[in-house]
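I opened my notebook today to look up charged side-chain pairs. Here is what I wrote down as I went.

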Amino acid sequence: MKPTSGLPYDEVAIVILNYNGRRFLEEFLDSVIQSSCDAKVIVADNASTDDSIPFLKENYPKVRLIELSENFGFTGGYNKALEQIDAKYYVLLNSDIQCPENWLTPLLTLMESDSQIAACQPKIKLFSDQESFEHAGAAGGFMDYMGYPFCRGRIMHALEYDDGQYDDTVEVFWATGACLFIRAELYHKMGGLDEKFFAHMEEIDLCWRLKSEGYKIKAVGTSEVYHVGGGTLSRENPKKTYLNFRNGLFLLFKNLPSSKLLLVLFLRMVLDGVAGVRFLLKGEVNNLWAVLKAHRDFYLSIGYLVKARRKIKNHKINFPEVYKKLIVKEFFLKKRTKFTDLNGFSNN
């Protein structure tokens, strides 16, 4: 790797997409600015209805502000903002993240060392308990063969404490959108984030497309940031349930090889049905309805998905970072709650 001195920090654009997150900007923006070295810090506002924009203009006049005309979601908001930003690297950074000193250097050092690395992430840890990993990315993202995502440091909803077990730098299947360091050229070459996703799992789709083109995705264990999490949608919110179930089907339809597409989709829908029954038995009727709506809207989106699938030249799933077993079975039935518990996984 290249030494930390002489790194092109000025070619990095740290872009915070904001929607009604004035309280997070007030609490965390200073930490981003103070730890950014010479990187550009930019806030793209998704047509907030709170006082985010007046707050930024009054208190951070030197921070570039991109005002979007409406709420385009996570995907559309970033796509439209990044079209307006000239940089070698982008960092897509959630507004509810605190950045400690020196978080940026290990990421930039890694990206400068190998042009085949398309994207990377730091460790994502809980802001409220900085010894614990956080749900959205933890120490690097993986996926099972049915499209269920999980992380080093987070299986389903079970979080691990950070005891240094993931301080290495490893290849992963996906890097979190909460703090995604990515080559600008490749971001645009791949068409950016799929705006049909709106929010949730869109970074997995982008990383899958990048890996299918032969690029690497890495998790960097020598860098960490602290994430509040659930700043826009809490984990229990039915809208989040809807987006996760719908986008899970979008993800599979777009990216699976043709030989596996129909079978995996069928099995995934059966498992979604099991999840729906579980919601019903727990009295979570709104979440059950969210699953039903997700399936309805998946079918209504088939036309779009067929076109999106045709744009992808290579459809691959045979990566070492794809778990060959069903993670929901391993977690719920076999009680495997840690990444290192996953027997037969080549990365443990």
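**Salt bridges, entry by entry**

I began with Lys282 and Glu284, whose side chains form a salt bridge at 3.4 Å, N to O. For this I counted a side-chain nitrogen of Lys or Arg within 4 Å of a carboxyl oxygen of Asp or Glu.

I noted the ground rules next: this is a predicted model, where local features need pLDDT of at least 70, side-chain atom pairs count only at pLDDT 80 or more, and totals for chains, interfaces and linings use all residues. Residues are numbered from 1 along each chain as its sequence is written, and side-chain values use heavy atoms, with hydrogens and water left out.

Then I looked up accessibility, with buried meaning under 20% relative accessible area, exposed over 50%, and partly exposed in between (1.4 Å probe, protein chains only). Lys282 is partly exposed at 47%, and Glu284 is partly exposed at 26%.

My next stop was Glu330, which has a salt bridge to Lys334 at 3.6 Å, N to O. Lys334 is partly exposed, with 40% relative accessibility, whereas Glu330 is buried at 2%.

Which residue else pairs with Glu330 in a salt bridge? I found Arg336, with the closest N and O atoms 2.5 Å apart. Both Glu330 and Arg336 are buried.

I also wrote down a network: Lys123, Lys125, Asp162, Asp167 and Glu224 are joined by salt bridges that share partners.

Last, I looked up the total, and the count is 22 salt bridges.
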